[in-house]
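Here is a chat for someone meeting this structure for the first time.

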Amino acid sequence: RNGYSLTGFIFSKPNYTAEDFLKDLNASFIPKAEQPNVVKNPVRYIFHYNADTHKWEVHTLGKTNDDNFLIRQWDGYFIASLADGNSEVTQKGPYSEAPPPVITQGWSLISFPSDPPAPYRTAEALLQAAKQVGLNITSIWRYDSNQRQYVGHRIDTTENNFPVLAPEGFW
């Protein structure tokens, strides 16, 4: 949608960069019908929080000298677009061979390669499952691109118990 969307990448492509991802998104971009004058290549920016360095990486379409970071399965990304529409990036073959996500102390921006199993498709259920395996994760956040704000859910509460589905990104 026009503005920012928080998304994930549901499969792994070797050496797939932020520039490659933006090019693929634009190549398959289909604008909504009510937008007759959409600019060429409306998906221009991608942002990624690097949990290892605790810094934001930002890539602008066509500028290969900036943070042209690798796109990885399980990571979450902010995409900035100048128009509303739909894009699809595909890969042949299975994507289940990717390693599990890396959760670091502090904030990790992740996505899921496919919808979690049915019992874990809400924020509360996912946090409870993490607690059961010894992970001290007390909240999960998503970016609501319609309201243009973060929505968070804290463990052991009922407020904002949103669905957890692929390929949306989560903090």
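Q: What makes E3 and E4 a pair?
A: Strand E3 (residues 43-50) and strand E4 (residues 55-60) share six bridges in the antiparallel sense. At least two are needed, so this is a pair too. Across from Trp 56 in E4 stands Tyr 49. E3 and E4 also form a hairpin, with four residues between them, and His 54 in the turn has a positive phi of about 60°.

Q: Why is Glu 19 called buried?
A: Its relative accessibility is 5%. Buried means under 20%, so Glu 19 gets the label.

Q: Which residues is Glu 19 in contact with, leaving aside its neighbours within four places in sequence?
A: Among them are His 59, Thr 60, Leu 61 and Asn 68. Glu 19 itself is in helix H1, while His 59 is found in strand E4.

Q: What makes the meeting of the side chains of His 59 and Glu 19 a polar contact?
A: The distance is 2.6 Å, and the limit for such a pair of N or O atoms is 3.5 Å. His 59 counts as buried as well, because its relative accessibility is 0%. Beyond its neighbours within four places in sequence, His 59 also touches residues including Ala 18, Leu 22, Tyr 45 and Phe 69.

Q: How do you know that Lys 23 forms a salt bridge with Glu 19?
A: Their closest N and O atoms are 4.0 Å apart, and the cut-off is within 4 Å. Lys 23 and Glu 19 are four residues apart in helix H1 (residues 18-27), so about one helical turn separates them. An α-helix has 3.6 residues a turn, so residues three or four places apart point the same way.

Q: Why is Lys 23 called partly exposed?
A: Its relative accessibility is 47%.

Q: What makes Asp 156 and Lys 131 a salt bridge?
A: The closest N and O atoms of Asp 156 and Lys 131 are 3.8 Å apart, with the limit at 4 Å. Asp 156 lies in the loop between E9 and strand E10 (169-170) and Lys 131 in helix H2, so the pair ties together parts that are 25 residues apart in sequence. The structure holds two salt bridges.

Q: Why is Asp 156 called exposed and Lys 131 partly exposed?
A: Asp 156 has 54% relative accessibility, and exposed means over 50%. Lys 131 has 45%, which puts it in the partly exposed range.

Q: What makes helix H2 largely enclosed?
A: Seven of the 10 residues of H2 (residues 123-132) are buried, so the rest of the structure largely encloses this helix. Leu 126 and Leu 127 are among the buried ones. Strand E8 (139-144) and strand E9 (149-154) are part of the cover. E8 is largely enclosed too, because five of its six residues are buried. After H2 comes Gly 134, with a positive phi near 90°.

Q: Where does pLDDT stay under 50?
A: Over residues 92-100, for which the model has 10 contacts beyond four places in sequence. Where pLDDT is low, the predicted coordinates should not be read in detail. For the chain, the mean pLDDT is 76, and 73% of its residues reach 70 or more.

Notes:
Residues are numbered from 1 along each chain as its sequence is written. This is a predicted model: local features need pLDDT of at least 70, side-chain atom pairs count only at pLDDT 80 or more; totals for chains, interfaces and linings use all residues. Side-chain values use heavy atoms; hydrogens and water are left out. Buried means under 20% relative accessible area, exposed over 50%, partly exposed in between (1.4 Å probe, protein chains only). Contact means heavy atoms within 4.5 Å. A salt bridge is a side-chain nitrogen of Lys or Arg within 4 Å of a carboxyl oxygen of Asp or Glu. pLDDT is the predictor's confidence in each residue, from 0 to 100. A polar contact is a pair of N or O atoms within 3.5 Å; within protein, one must be able to donate a hydrogen and the other to accept it, and residues adjacent in sequence count only if both atoms are side-chain atoms.
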